[in-house]
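Please have a look at the sequence and coordinates before reading on.

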Amino acid sequence: MDWYMMNCELLATCSALGYLEGDVYHREPDCLESVKDLIRYLRHEDESRDVRQQLGAAQILQNDLLPILVQYPQEKVLFDAVIRLMVNLTQPALLCFGKVPADATSRHHFLQVLSYLQAYKEAFASEKVFVVLSEKLYNLLQLDWEQRQEEDTLLIERILLLVRNVLHVPPDPTEEQQGVDGDASVHDRVLWALHISGMDDLLKFLASAQVEQQWALHVLEIISLMFRDQSPEELAALGQGTAGAEHREDMQELETLRQRELAEKRTRARQRPSRHSRFGGSYVLQGVKSIGDRDVVFHKGLHNLKSYTHDLGKEPRRLPRRRQAAPEAEPSRRSARNVRLFLRHFCQDFLEGCYNRLMLLVKDQLVREKAQQHDETYYLWATAFFMAFNRLHGFRPELVSETVGVRAFHFIEQNLTTYYEMALMDKKEATTWAHRMHLALKAYQELLRTVQEMDRSPEQAVRDSSQVIKSNIFYLMEYRELFLTLFRKFDETKQPRSFLRDLVETAHLFLRMLERFCRGRANLVVQSKRVRRKKKKKPHVPEAPAPPSAAELEQLWEGLAPQVQACLEGEVPLPEDMVPFDAASETPVEEQRAEAVLRIQECLRDSRVPQALQLLRSAREVWPEGDVFGSADVGPPEETQLLREILVAPLPRNAPAEPEEPEEEEEEDEEEEEQTLQVSEKEFNFLDYLKRFACAPVVRALVLLLRGYARNSAHTNHCAARLLHRLARDLHMEPLLFQLSLFALFHRLLSDPAAAAHQELVTLAKFILGKFFALAATNKKAFVELLFWKSPAIVCEMTKGYGSLQEGEGTTRSRVPPWTPQEEQELRELYWKYKEVEGGDIIAAILAHLPTPGRTRKQVVKQLVRMGLASSAKDFPRERKGTRIVLWTQEQEEELTRLFEEFHGSDDVLGNIMKHLTARRSRARVVEKLLGLGLVAERKELYKKRRRKSHGPGPGQAATGVPAMPAQDSSGDDEDSEEEEEEDEDEAEEGRMEEHWVPQEGAGQDLAQRLHREGLAGPLRWLENCLRRAAGDREEDGVSHPVPLVPLTEENEDAMEDRRFRSLLRQLGLRPPASEQESFWRIPAALTPQQLRRAAASIAHRGPSGSPQEVSEPPGCPQDPAPAEPLPAGLGSDSESEEPVPVPVPSPVQPRTKRRRELASEDEDEDGGSSGTRLAPPAPRSEEDEEEEEDPQPRGRRKRIRCVEEEEEED
């Protein structure tokens, strides 16, 4: 449907709804049909949500739908249609667009829809609307389940969805900034209208009624949106005091800010000099160097000296977006007092009558997977919010008994672990997973606080229940290791500081509870899980046993002779299932005959005489020619002699085939690890557990949290300081906190005028600094250690002396013995001795002659790299398993080449070669040899072809020698342009070319000269350089691989899209993209260096005499790397899987698409195509190039003019 036609139809439809006159709405006769038409229009809107935006701009919901809803509630059909339309219009913007769009246009549409939703929410802040909705919902709930129709159930669900959509609309940031705490926002007005209408009582009824279980998740979602901006601490405190208590808290906060400001004023006044500012003087800062070798001259007053830094006046370094801290959630806003009072009463009633039942139903639906995806987040929020309210408002454990227990801990820990793993795997949605992880962490924290509160209960039964819960939680290893895992994987770019704050507070609470639990018990036994990695050797193929000697065979025949005689006389029955020939096998008949003789010999050597005799007679019937198995009228004596000859004959046996490996994977290790989980019990030691927190990630996270100590609450600073104190004082690891960033934080804290408000942090800072200077007096390297995060082993070395760790302690706890100078010298001599040996494994030879036993290959390689004898471990690749096979002889290679040329045109090339190949080889080895010989460029050329019905060759196929391809469906539109038809012909001509086709000498010469005259001299020079460079590489390496032609400039890209330039590539024998996975033309592997040089000479620019211009050295083509740099994967050589080259250039199949480039096409010969490549010096400029320089028009315009001129010539 057209956009303007859509506007006209929408205008007519909206006009047919009715009109508002004062407070009375007059509906038109076609009002119901118009509402249904609007629903149909919304169903067929486009990705920009145009219908939704136009209806929002026309304010249809405010001016028409809400008045109809209020004034005509008795019209059941119309009421249902209006509710259905409003549910669609108030649908959240995230559901409309799927996610927040990244591009500017879609994001503009998203924000526009969001602004209309905010206007809808303001219109719903009316008591009349919610009164109508509440009355209709009340009437529907009065119906018994026998009387309730399906339409009634749908209407109940739509009313709940409408309330959910209205509450879900986020607040307007401009309105939130203008308002202050305590004012009624739009959300508060909606909640108040919901309360006045009695909708909150209906929600409590739905949560507690036995027959309304199906609405449990809807009700929980609405309740979570009602309390979106609320804090359980504020609501609980509101019930315990009066308005004067809140006023005192506000006054206390203002007094703190006032004292801080006065302290800063006093500090500034103390620093102000007595002299006039014009006589401040100049000072020399000794020890602070300026740009030169002299000291810095300071031209300001001494009171500004502390703020001096070399970075003054410099532009601050911009932090990349990927390294910026994760944004915080929306700050909580204090609602109006009457709204908070209503919500507090709602919390009390909900806890007393609905909480346990509703949470039981929701968890049952989550466990049975009856809910939608991620609905467990509402369960986690409700657990944290209502348990916190119950704890702070007259703690009654029976009100939250459903979510207190080991099962609740397990459910939350399981979801927290799942969110943590998904945040590591799903990098794009890591922020969303981090938000869900934060919800689970807050629920876990509230469970711990509730258990702690149960310990203080005056009832013995409640205290016993808490002891049972703690014994189960502290016994299992998963709960003890949870906080260590979260600390070590904390990422400030994905997780906000609020997550870190809750993590530190929860870890502090857990450690305090665990410490107190351990005090009253002498021996605490906990569960320990250990993953044991056992390396097991992969099963090797057993070697063939040594053949028996002649004496052993004679002795064996003496024992078999009586059995042979008994079988010949018919005393022993012969088996009937011995078949020597398989007609369906791909093995040739001659090889099956040789295998039959081997089977007879094996049966005789295994003392299975009946099977051997029956196999001999069956083979005689299958192969009667040549009397190999005896003549047709052979007698018993001859058969006996024949069996004896077969037994003692030295028949050749094939070596057992090694198992083939997947060709896409190359395993480096010959040993695979077998992991087993061992569960055991051990005695728990709290200090040993606390040592697990003595690591750099935990200290780094605590320092990051304390950087905002002025914004943190007193409890948050206490938790962080207590954790640092545990690590430094309880573990005696003060050097663990000797870090420069932490000392800079201490410096800022001690110089803060309001430092008296953070007395605990000040005490910790003085304690750590005193320990540092005491250690620095004996260890001068302590100042250098400030630059690094430390581990317990480094802490031990700093205090006891470097090198004081004994074997088996700290970081040296490994089974790798150190290398002595004598061993290093022996290793160096062995390396230089076996380095020049060709065809051998250097590491294997070193290990065989190394005097020190017990060294592994990995240790030797690592030591060679450490000694500088090798650049990396990649210099010593392992020999691939399966390569120890018989080498291909020259005769076998010639046979393979002959068979390939014989069957290359058949449907199953590889199958025919396998059938007629003399030496038995696996299919994988044959394919590898074909690739090595250059007979095929990729594996897919050997796939078995499926015949398709052909509609005749396409235009131009017979002329170019391209095999006929199936014609495209010609049932397209008749309005296609001639240009599209030419492109279809080009794509048909660019079918799969035969690899063995060789270009004729001088092919493409005329076309190349024509392209030179038409202004394509630059791309032709680039193509010529690529061909010459590929020829030189093939002569130097001796191996041919398909080389992709990667255009790195816009000029070369345009040439690759030109139809005549592609025709020149085909004449030169180059191969177009073979499938959708390839994007570039390629130089086939079948072309020899001589053929490549002839092709390059044929396209070379010829002077006036007709001879090609001299090219001294083929310059590097844009896709060739510099000599000193390694070749990027995918450029210059093809892998076995023929993966596309990962260079973001447009595909030739899409000639109309182009990408932006920062590098201008004119600078290709000067600056290079891309980073990491080296381009050749500019070639001699032609006359056309000089004309182009004289032409003041841009290159793109010249190109368009040239295309217009060509079209005029064709006309």
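## Ground rules and overall make-up

A residue is called buried under 20% relative accessible area, exposed over 50% and partly exposed in between (1.4 Å probe, protein chains only). Contact means heavy atoms within 4.5 Å, and of the contacts in the protein chain with a separation of 6 or more, 73% join residues 24 or more positions apart.

This is a predicted model, in which local features need pLDDT of at least 70 and side-chain atom pairs count only at pLDDT 80 or more, while totals for chains, interfaces and linings use all residues. Residues are numbered from 1 along each chain as its sequence is written, and side-chain values use heavy atoms, with hydrogens and water left out.

## Nonpolar cores

A nonpolar core is a set of buried Ala, Val, Leu, Ile, Met, Phe, Trp, Tyr and Cys residues joined through side-chain atoms within 4.5 Å. The largest one has 193 residues, and among those touching the most other members are Leu69, Met86, Phe227 and Phe693. Helix 23 (residues 497–519) supplies the largest share of this core, 12 residues.

Leaving aside residues up to four places away in sequence, Phe227 touches Leu235, Leu343, Phe346, Cys347, Trp381 and Phe385. Another core, of 27 residues, lies apart from the largest one and includes Leu1007, Ala1030, Leu1092 and Ile1099.

Helix 44 (residues 1017–1037) packs against helix 45 (residues 1050–1057) at about 90°, with the axes 9 Å apart. Axes are lines fitted to C-alpha atoms, for helices over the stretch in contact, and angles run from 0 to 180 degrees between N-to-C directions. Gly1018, Pro1019 and Trp1022 of helix 44 meet Glu1051, Asn1052, Ala1055 and Met1056 of helix 45.

At the start of helix 46 (residues 1059–1067), a side-chain oxygen of Asp1058 comes within 3.0 Å of the backbone nitrogen of Arg1060. The buried residues of this helix are Phe1061, Arg1062, Leu1064, Leu1065 and Arg1066. Just after helix 46, Gly1069 has a positive phi of about 95°.

## Two positive phi values

Arg49 has phi near 55°, a positive value in a residue other than glycine. Arg49 sits in the loop between helix 2 (31–43) and helix 3 (50–57), and is buried, with a relative accessible area of 19%.

Gln59 also has a positive phi, near 55°. Gln59 belongs to the loop between helix 3 and helix 4 (60–71) and is partly exposed, at 38% relative accessible area.

Key: Helix = DSSP H or I, 4+ residues; strand = E, 2+ residues; numbered from the N terminus. Polar contact = N/O pair within 3.5 Å; in protein donor to acceptor, adjacent residues only side chain to side chain.
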